[in-house]
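Please look at the sequence and the structure below. The text after them is a guided reading for someone new to both.

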Amino acid sequence: MEQRSTEGNDTAVETRGLTKRYRGGQLAVDALDLSVPRGSVFGFLGPNGSGKTTTIRMLMGLIEPTSGRARLLGEPMPRAARSVLPRVGALIEGPALYPFLTGRDNLLRYDAADPTADPRTRVPRVEAALNRVGLAAAAGKKARAYSLGMKQRLGLAAALLQPRELLVLDEPTNGLDPQGMREIRSLVRELAEEGTTVFLSSHLLDEIEQVCTHAAVMAQGRLIAQGTVAELAAGSRGRLVVTTPDPADAVRILKEHGVTDLVILDERVSGELPVPGPGADDAPLEPADLNAALVRAGVRVRAFGAERASLEDAFVALTGEGFDVAG
Ligand SMILES: Nc1ncnc2c1ncn2[C@@H]1O[C@H](COP(=O)(O)OP(=O)(O)OP(=O)(O)O)[C@@H](O)[C@H]1O
C-alpha cells in the first residue's frame with residue numbers, strides 16, 4: 001500500500017524509478033527520477049529516440065510504466081488521471097484532427113467532448129485560444145489544408161481552451177518556421193508568467209536555452225542531468241579566446257595558469273578555462289586575471305574574451321558525444 005505523504009506538493013511532475021520496456025524488449029526509459037518544480041518552464045532535452053515521448057506518454061497515463069511511479073500535480077498517475085488530467089493541457093505527437101472540419105470547428109468539437117468544459121463559454125474560449133496561437137485568420141480553413149505548423153498551433157489551442165496548471169508539450173515547435181517558433185516560445189513565456197508550469201520536450205538546445213528555466217538531459221533512456229539551465233551550462237567550462245601576434249608566448253602563459261586544450265589558429269589562441277577545484281580555498285581564476293597575466297608577461301593582447309559555456313557544451317561534456325539534431 002502506498003503511504004500518503006506530502007511528497008510532490010511543490011513539484012508539478014515527479015517520477016521515481018520510472019521505467020518502460022516495450023514488448024519487443026526495447027528499454028526506452030530507464031529508472032527515471034524527474035523533478036519538475038511548479039512554476040518552472042522545464043525543458044526535457046534529448047536526441048531523437050532518447051525516450052522523451054515514452055516518458056510523456058507515461059506521465060499522461062497513455063501507457064503503463066513497466067516499473068516505477070509518476071506523479072502529476074502531486075497525484076499518482078495513472079490512478080488519479082480523472083481528477084488530474086483536466087488540470088493539465090497536453091500537446092503530444094501531433095494532435096488528432098478532423099481533416100474535413102475547420103480549425104475552429106475542430107476546437108468546438110474537442111471542447112464539446114470534454115465533460116469538464118462549460119458549454120456556455122465555449123465559443124469565446126475557442127476564439128481566445130485561436131487568437132492566442134495566431135490562428136484566428138486561418139480558423140475558417142479546413143484542417144486538412146493546414147501546414148504542419150498550423151496543426152501544431154491548433155493542438156496547442158486545444159490545450160489552452162481551459163486554464164491549466166500544467167502544460168505538457170511534446171516538441172511544440174516541430175514543423176514551425178523560425179517566425180512561428182519565436183511566437184510559440186513567447187507564448188510559452190507568457191503562460192509561465194501567468195503561473196502555468198510548462199514541461200516541454202525538445203531536441204533543440206537553443207530552444208531550451210531561450211525559454212526554459214530548468215532542464216533535464218536524456219540520452220538513451222537515461223537521465224544524465226537535471227537542474228536550472230544556468231546550473232547545467234555552468235557545469236561545463238567556458239572557452240577563452242585571445243587574439244595576439246604572440247601566440248606561442250600566450251600559450252605558455254595560459255598553460256601556466258591552468259588553461260587546457262590550447263589551440264593556435266594564426267593569431268587566435270583558444271583554450272578551456274580551468275574549472276575551480278572542489279576545495280573551498282581554490283579561488284576561481286577570473287578571465288580578467290588571465291588577461292592581466294598575459295599583459296604582465298609582455299604578450300600583446302589585441303582581443304580577449306571568454307565565451308560563455310552553453311547548454312550544448314554541457315551536453316557534449318555530459319554525454320561525450322555531439323548533439324544529434326537530425327529528424
Ligand atoms: N511502441 C513502441 N514499441 C517499441 N519500441 C518503441 C515504441 N515507441 C518507442 N520505441 C523505442 O523506444 C525508444 C525511445 O523512443 P521515444 O519515442 O520515447 O524517444 P524520443 O526521445 O521521444 O524520440 P523522438 O523525438 O524521435 O520521438 C526508441 O528506441 C524507440 O525506437
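Predicted model: local features only at pLDDT ≥ 70, side-chain atom pairs only at ≥ 80, totals over all residues.

Residues are numbered from 1 along each chain as its sequence is written, and side-chain values use heavy atoms, with hydrogens and water left out.

Begin with strand S14, which covers residues 268-272. Strands here are DSSP runs of E with at least two residues, helices are runs of H or I with at least four, and both are numbered from the N terminus. Of the 5 residues in S14, 4 are buried, so the strand is mostly covered. Buried means under 20% relative accessible area, exposed means over 50%, and partly exposed lies in between, with a 1.4 Å probe and protein chains only.

Strand S14 pairs with strand S12 (residues 239-243) in the antiparallel sense, over 5 bridges. Two strands count as paired if DSSP finds at least two bridges between them. In this pairing, Val 241 stands opposite Ser 270 of S14. Strand S13 (residues 260-265) also pairs with S14 in the antiparallel sense, over 4 bridges. Here Thr 260 has Glu 272 in S14 as its bridge partner. S13 and S14 form a hairpin with 2 residues between the strands, and in this hairpin Asp 266 takes a positive phi near 55 degrees.

Turn next to two single residues. Thr 19 is found in strand S1, residues 11-21. Is Thr 19 buried or exposed? Thr 19 has a relative accessible area of 12%, and therefore counts as buried. Contact means heavy atoms within 4.5 Å. Leaving aside residues up to four places away in sequence, Thr 19 touches several residues, among them Leu 27, Val 29, Met 58 and Pro 65.

Leu 34 is found in the loop between strand S2 (27-32) and strand S3 (35-37). Leu 34 is buried because its relative accessible area is 0%. Residues that touch Leu 34, again not counting those up to four places away in sequence, include Val 13, Phe 42, Phe 44, Phe 199 and Leu 223. Leu 34 and Arg 71 are 37 residues apart in sequence, and their C-alpha atoms are 9.9 Å apart in space.

The last topic is charge. Side chains of opposite charge can pair when their charged atoms come close. A salt bridge is a side-chain nitrogen of Lys or Arg within 4 Å of a carboxyl oxygen of Asp or Glu. By this rule the count comes to 16 salt bridges.

One of them joins Asp 111 to Arg 125, with the closest N and O atoms 2.8 Å apart. This pair links distant parts of the chain, since Asp 111 is in helix H3 (residues 103-112) and Arg 125 is in helix H4 (residues 122-132), 14 residues apart. Asp 111 counts as buried because its relative accessibility is 1%, and Arg 125 counts as buried at 17%.

Arg 185 forms a salt bridge with Glu 207, the closest N and O atoms being 2.9 Å apart. This pair links helix H6 (residues 178-193) with helix H7 (residues 205-211). Both Arg 185 and Glu 207 are buried.

In another salt bridge, the closest N and O atoms of Asp 249 and Arg 252 are 3.5 Å apart. Both residues lie in helix H9 (residues 247-256), 3 residues apart, about one turn of the helix. Asp 249 is partly exposed because its relative accessible area is 35%, and Arg 252 is partly exposed at 43%. Finally, a network of salt bridges links Arg 38, Arg 87 and Glu 165.
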